[in-house]
Amino acid sequence: MEDEIKLKQSIDHINQQLVGYDELCKLLHQLPHRVSHPIMVPFGSKAFFAGELIHANEVLCQLGENYYAWRTTNQTQEIITRRKQCKNIPRIFQHNTTGWHTHKYTQTL
């Protein structure tokens, strides 16, 4: 029973990551369409001032653990697409988690 809860929590976590990736892809698609973007820049912990985001086609992308590289938004979207494909693999088991869970542990006993 406890293993099923952990499995469902893992699936929920993966689903949340996929939603985050979708939102990030939408933002990355919008960024290069304009030369600059107006933003509110944080100044300390309690103040903001108006500024502009320039070089909006360049983002710092995490390639792995503690490895980062400057990539264009298109390259970053491709990386995110590959990550989403890897995250979709566990979703196969989402439809029948109880059956998979039971099958997995009955064979190991």
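Reader: What makes the stretch holding Trp 70 a strand?

Author: Trp 70 lies in β4, residues 67-72. That run is called a strand because strands are DSSP runs of E with at least two residues, while helices are runs of H or I with at least four, both numbered from the N terminus. This is a predicted model, in which local features need pLDDT of at least 70, side-chain atom pairs count only at pLDDT 80 or more, and totals for chains, interfaces and linings use all residues. Residues are numbered from 1 along each chain as its sequence is written, and side-chain values use heavy atoms, with hydrogens and water left out.

Reader: Why is Trp 70 called exposed?

Author: The relative accessibility of Trp 70 is 58%. Exposed means over 50% relative accessible area, buried means under 20%, and partly exposed is in between, with a 1.4 Å probe and protein chains only. Trp 70 is therefore exposed.

Reader: What makes Trp 70 part of a patch?

Author: Trp 70 forms a nonpolar surface patch with Leu 60 and Tyr 68. Patch members have over 30% relative accessible area and no salt bridge; nonpolar side chains (Val, Leu, Ile, Met, Phe, Trp, Tyr) are joined within 5 Å, like charges within 9 Å. Together, the three residues have about 390 Å² of accessible area, a quantity that comes from the Shrake-Rupley method with a 1.4 Å probe, where for residues only the protein chains shown count as cover.

Reader: Which elements does the whole chain have, and in what order?

Author: The chain has 3 helices and 4 strands. From the N terminus on, the order is α-β-β-β-β-α-α. The chain exposes about 8700 Å², and 58% of that is supplied by carbon and sulfur atoms. Of its 109 residues, 20% count as buried.

Reader: How do you know that β1 and β2 pair?

Author: Two strands pair if DSSP finds at least two bridges between them. Strand β1 (residues 37-43) and strand β2 (residues 47-53) are joined by 7 bridges and run antiparallel. One of the positions facing across is Pro 38, which stands opposite Glu 52 in β2. The two strands form a hairpin with 3 residues between them, and Gly 44 in the turn has a positive phi of about 80°.

Reader: Where does Val 41 sit, and what does Val 41 touch?

Author: Val 41 is in strand β1. A contact means heavy atoms within 4.5 Å. Leaving out residues up to four places away in sequence, Val 41 touches Ala 47, Phe 48, Phe 49 and Gly 51. Val 41 is partly exposed because its relative accessible area is 24%, between the two cut-offs.

Reader: What makes Phe 43 and Phe 49 an aromatic pair, and of which kind?

Author: Rings of Phe, Tyr and Trp (its six-membered ring) pair if their centres lie within 6.5 Å; planes under 30 degrees apart count as stacked, over 60 as edge-to-face and the rest as tilted. By this rule the count is 1 aromatic pair. The centres of Phe 43 and Phe 49 are 5.9 Å apart and the planes are at 70°, an edge-to-face pair. Phe 43 is exposed, at 57% relative accessibility, whereas Phe 49, at 43%, is partly exposed.

Reader: How do you know that Lys 84 and Asp 22 form a salt bridge?

Author: A salt bridge needs a side-chain nitrogen of Lys or Arg within 4 Å of a carboxyl oxygen of Asp or Glu. For Lys 84 and Asp 22 the N to O distance is 2.5 Å. Lys 84 lies in helix α2 and Asp 22 in helix α1 (residues 2-30), so the pair ties together parts 62 residues apart in sequence. The search of the whole structure finds 1 salt bridge. Both partners are partly exposed: Lys 84 has a relative accessible area of 22%, and Asp 22 is at 33%.
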